[in-house]
Amino acid sequence: MNTRLWHSGPEASAPEPADVSVSCHRRLRGPYTGAGSLMRALVPSVYDRRPDLVDRHAIEILSVAPELQDRIGAGPQTLTSLAIPEEQTRIYAAVRTRRLAHGLVELLVAYARLSTPGVLRLAFTDADEADHTDQEFLAILLRRTQGTPVAVAVGSRGGELTDELAAALDRYARPVEVPAPGPRPARDQDRLLHDYIDADGASDDPDELAAYRAADPDTRARLHDERAERLRRDGDRSLRLGAIPYHLEHGGDPAAAAGDALYEAVYHCAGMGFWHAILDYAPRARTLVGPGRAELYAHVTGKMSSALAFLGRTAEAERCYLEVRGRYTLPLTQIFTGYALSMLYTRLHPPERRDHAVAKAYVNNSVTLATLLPDPELRTFHTVFQLNGLALVEMHMGNLEESFRLVDDGLRRMERELPADRHRLHRSALLHNRARVHGALGRPTEALADFTAVIALDPNYPDYYFDRADVLQKLGDDAAALADYGTAITLGPPFWELHYNRADLRARSGDTEGAIADLARVVELEPDQLDARVNLIGLLLENDAVEAALPVLEEGLRLDPGDARLLQLRGQLAWEAGRRDAARRDFDLALDADPGCVPALAGRATLLFEDGEPVAALRDLTRAIEVSPDDPDLRHNRAHVHQATGDWKAAADDYTHALTLPGADLPELLRQRARCHRQLGNPTAAETDLNDARAASGPAVAVGAA
């Protein structure tokens, strides 16, 4: 029973009964037990009313509830989704689950609004027993349904929650009293035992547990096997990630049956990017099968190591790779662990532990072993795959031409030696990598050609459009870049980086409204993206939208009270509102957090100058110029302070330097330098500057005497 309950939603009184209530216990269906059950309950009716809405979120739906493919179709296909297991070479980053969660939340909000003025009431139990994917989904759901017609209830048995979910419950939900459980009908020991088995590992009923423990071990094992067989025969595919392996672990032949079932679950989750779940399945599989089943043990350990690496636990990952590397002489195990260790040392370890020479040594060994494989197709594929890893190491070592040669040769070799219908995914990956190396070599035209070619091969994969948009900008085709960003946004779950990059392009193109919309989308998806938040506040303030900027600023400071940029912006707003003391405090706080925060240095310098402290103002401006030497306004401001203190020579020097910088206000700088020349006794130079100022201003602008 859930002993703690929280509620979040539009109702002011006690929450009403839920429209849909689901358990999140990972023993039922593994990752996304709760979210998948919710989709199975809602999507069929949504599909009947709004098939376009379901189609828009098909990737998210099928990722959490794959059995719904029979109802809604397969969704957009990519070479990744079509690849057979032995050709699956793409690995999703851990952030993919956040994107899936955002897409599901947006589907739910859209569905709720179809039925306004009603409220969609959702209840989730066993949150503390949920996989990381469900806890992440619940945290995002609680945050993003504020102010929508969606009410969310979350129940827990009192166990541990992720930091993100605990924080979301604390901020967006309120604890409510847990209703006392009603009396249950009397049950004999046999019924209690069967009820425990049928709960699929999710029961916390003490009577059921006692009956289970008291039962004959052979009877328990038989009932587990029978339950697993029923679920396999009649159940959904997602049960293979939860209840089925659980029952087989407790059945009559756990080492064989459960080992294979957990192996299947590990590989499914690795293909989907459900890395936290692998850290549940893989240790269970390793314990059951032991090192004696060499290939299965090595494969499961490899996936567990990858999960550790992608979740930032790279030291643990390295130990696991070295374990199987030292245990087995299997050629493919040696090849894959060498590659994986190379990736740790060139990319995934913390910067202080990276060593590209070590990475190269590992991958060179894998290349050598791959060339010795007896099967011609496997030899070609694995050799090219390892050389692609070597190309990444060479790129990190600064050897771009060698990196390009390796990728290009590998692509040509696959085209020459393998059937055209084999390893299409890896061919596309090589083509994509060649495009990126072209870009790194400063060859945008060639990069564009390769990106366009890989899009033709895999038109539904959004990352390719994202990368091509960057190249198009470098080639000056902003309209085509915007079109690629727009296409990428339609092809998958919400992806904040797309909006961040498009905001930058829109801002540079003069579309401030579009840039603001994109940056607002970024902070809606991921509030802790402070670069986007700072840029959004800046654009809002440039457009005099102070009221809109304030809540964005306040939320940023709640998330990171010590961020220098946000403190500086708060100081700027206080200054503009005439609250000079508050502005000075915030500028001081910003500079305590980041002594090189240029806007805070410039702002404080102005306050100091106005308060009669020119020496302190000069000190701040000098520090700002050291950090940002190409800012003409900083030179201009320091020159103005020099003038006020009578240091005309220093002022003239700053004006002279500022005149050489991009974006300088030439007429004003020339006029001010003319004043310095007059004070320094050089009227000829002053007159020359005034004439140049008139010319720079144009014929319609009158220039006064210095």
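## Exercises on strands and helices

In strand 5 (174-176), V176 is the residue that L5 stands opposite. The model is predicted, so that local features need pLDDT of at least 70 and side-chain atom pairs count only at pLDDT 80 or more, while totals for chains, interfaces and linings use all residues. Residues are numbered from 1 along each chain as its sequence is written, and side-chain values use heavy atoms, with hydrogens and water left out.

**Exercise 1.** Work out the strand order of the open sheet and find which strands stand at its edges.

*Step 1.* Begin with the terms: strands (E, at least two residues) and helices (H or I, at least four residues) are DSSP runs numbered from the N terminus, and two strands pair if DSSP finds at least two bridges between them.

*Step 2.* Strand 1 and strand 5 are antiparallel partners over three bridges, and strand 1 is also joined to strand 4 by five bridges, again in the antiparallel sense, with R4 opposite S156 of strand 4.

*Step 3.* The open sheet has five strands in the order 2-3-4-1-5, and its pairing is mixed. Strand 2 (20-23) and strand 5 are the edge strands, each with a single partner strand, so one side of each has no neighbour in the sheet. From one strand to the next the twist averages 25 degrees.

*Step 4.* Strand 2 and strand 3 (residues 120-125) run parallel and are joined by four bridges, and S23 has T125 of strand 3 as its bridge partner.

*Step 5.* Contact means heavy atoms within 4.5 Å, and angles run from 0 to 180 degrees between N-to-C directions, with axes fitted as lines to C-alpha atoms, for helices over the stretch in contact. Helix 7 (residues 96-114) packs on the sheet, where it touches strand 3 and strand 4 (150-156), and its direction makes about 140 degrees with that of strand 3. Helix 8 (residues 132-144) also packs on the sheet, touching strand 1 (4-8), strand 3 and strand 4, and makes about 140 degrees with the direction of strand 4.

**Exercise 2.** Decide whether R227 is buried or exposed, and list its contacts.

*Step 1.* R227 lies in helix 12 (residues 217-234).

*Step 2.* With a relative accessible area of 15%, R227 is buried, a term that means under 20%, whereas exposed means over 50% and partly exposed lies in between (1.4 Å probe, protein chains only).

*Step 3.* Apart from neighbours within four places in sequence, R227 is in contact with I197, D198, D200 and H247.
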